[in-house]
Amino acid sequence: MLKLYGAARSRAVRNIWMLNELGLDYEHMDWLPRSPETKSPEFLKLNSSGAVPVLDDNGFVLSESMAINFYLAKKHDGGLYPSTPENVARALQWSFWETDRLDRAIVNHARHSSDLPVNERNPEVAETAWKDCVHSFQILNTALEKTDWLVDSAFSVADLNVASAMFRGLALDLSEWPNTQSWLHRCWDRPAAQKAKGMRG
Ligand SMILES: N[C@@H](CCC(=O)N[C@@H](CS)C(=O)NCC(=O)O)C(=O)O
């Protein structure tokens, strides 16, 4: 039985979306980041950093949300794992790019412009993060000029990994980057994504 550790209000939402796409049954350990459960010795044995998400596939334990999605997409045939080495590499390229350039920026922007209590917000952090986000929205906009999807001609793990990390972008006005905006909504309109979104409460 597959077991996923991590609440939908964490990066685990990416893996919940993937599990939904693949129609897989799983046991959900609905734990928030930094919750007491994630500090238990049992969980620290699975991931010594204490971070979620973590996947346990019958004893094969994996952390890192992007890696978990590549593993699931490869193992279970849902048409989301690219079929050529070049396209696998391209999907990895986009996933690493997202983690490196956008993941922290989009979270920092949300936290320091709206999520944190007003007295904990730092406008300078929000502003720097926004500049990084804008740069990334432009890169995506250029990549999506002539295609609906990031890799090849169909939705894949690449779109899922990047779009899921851009969850907060759904609430932003991205009309300056129309290709990015329409792609983001095209991805999140998928039933598997909507189901994962609904679990965020
Ligand atoms: N790069 C990791 C990041 C994991 C991560 O930072 N998870 C956060 C929740 S979204 C967490 O558990 N933070 C608490 C901690 O690190 O103690 C991934 O994509 O899985």
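In the predicted model, the C-alpha centres of domain 1 and domain 2 lie 21 Å apart. Domain 1 spans residues 2-75, and domain 2 spans residues 85-196. Between these two parts, 12 residues of domain 1 are in contact with 12 residues of domain 2. On the side of domain 1 that touches domain 2, the elements giving two or more residues are helix 1 (12-22) and helix 3 (65-75), and the largest share, 7 residues, comes from helix 1. By class, the residues on this side of domain 1 comprise 8 nonpolar, 2 polar and 2 charged.

The residues around the ligand include Ser 10 and Arg 11, Pro 33 and Arg 34, and the run of Ser 49, Gly 50, Ala 51, Val 52 and Pro 53; Glu 64, Ser 65 and Met 66 complete the list. The shell formed around the ligand divides into 5 nonpolar, 4 polar and 3 charged residues.

Two helix pairs that involve helix 4 were then considered. Helix 4 (residues 85-115) and helix 5 (residues 123-143) have axes that come within 8 Å and cross at roughly 140°, an angle that makes helix 4 oblique to helix 5, given that only values over 145 degrees would count as roughly antiparallel. The crossing of helix 4 and helix 5 is left-handed. On the helix 4 side, the contact is made by Arg 101, Leu 102, Ala 105, Ile 106, Asn 108, His 109, His 112 and Ser 113, while helix 5 contributes Val 125, Ala 126, Ala 129, Trp 130, Asp 132, Cys 133 and Ser 136. In terms of residue class, the contact of helix 4 with helix 5 has 8 nonpolar, 5 polar and 2 charged residues.

For the second pair, helix 4 and helix 6 (residues 157-165) pack at an angle of about 10°, and their axes are 8 Å apart. Since angles under 35 degrees count as roughly parallel, helix 4 and helix 6 are therefore roughly parallel to each other. The contact of helix 4 with helix 6 is made up of 7 nonpolar, 2 polar and 3 charged residues.

Definitions and conventions. Residues numbered from 1 in each chain as written. Predicted model: local features only at pLDDT ≥ 70, side-chain atom pairs only at ≥ 80, totals over all residues. Domains from an automatic or database assignment. Contact = placed C-beta atoms within 7 Å. Helix = DSSP H or I, 4+ residues; strand = E, 2+ residues; numbered from the N terminus. Nonpolar A, V, L, I, M, F, W, Y, C, P; charged D, E, K, R; others polar. Near = placed C-beta within 6 Å. Axes fitted to C-alpha atoms, helices over the stretch in contact; angles between N-to-C directions. Parallel < 35°, antiparallel > 145°, perpendicular 65-115°, else oblique. Left-handed = near helix turned anticlockwise from the far one by under 90°.
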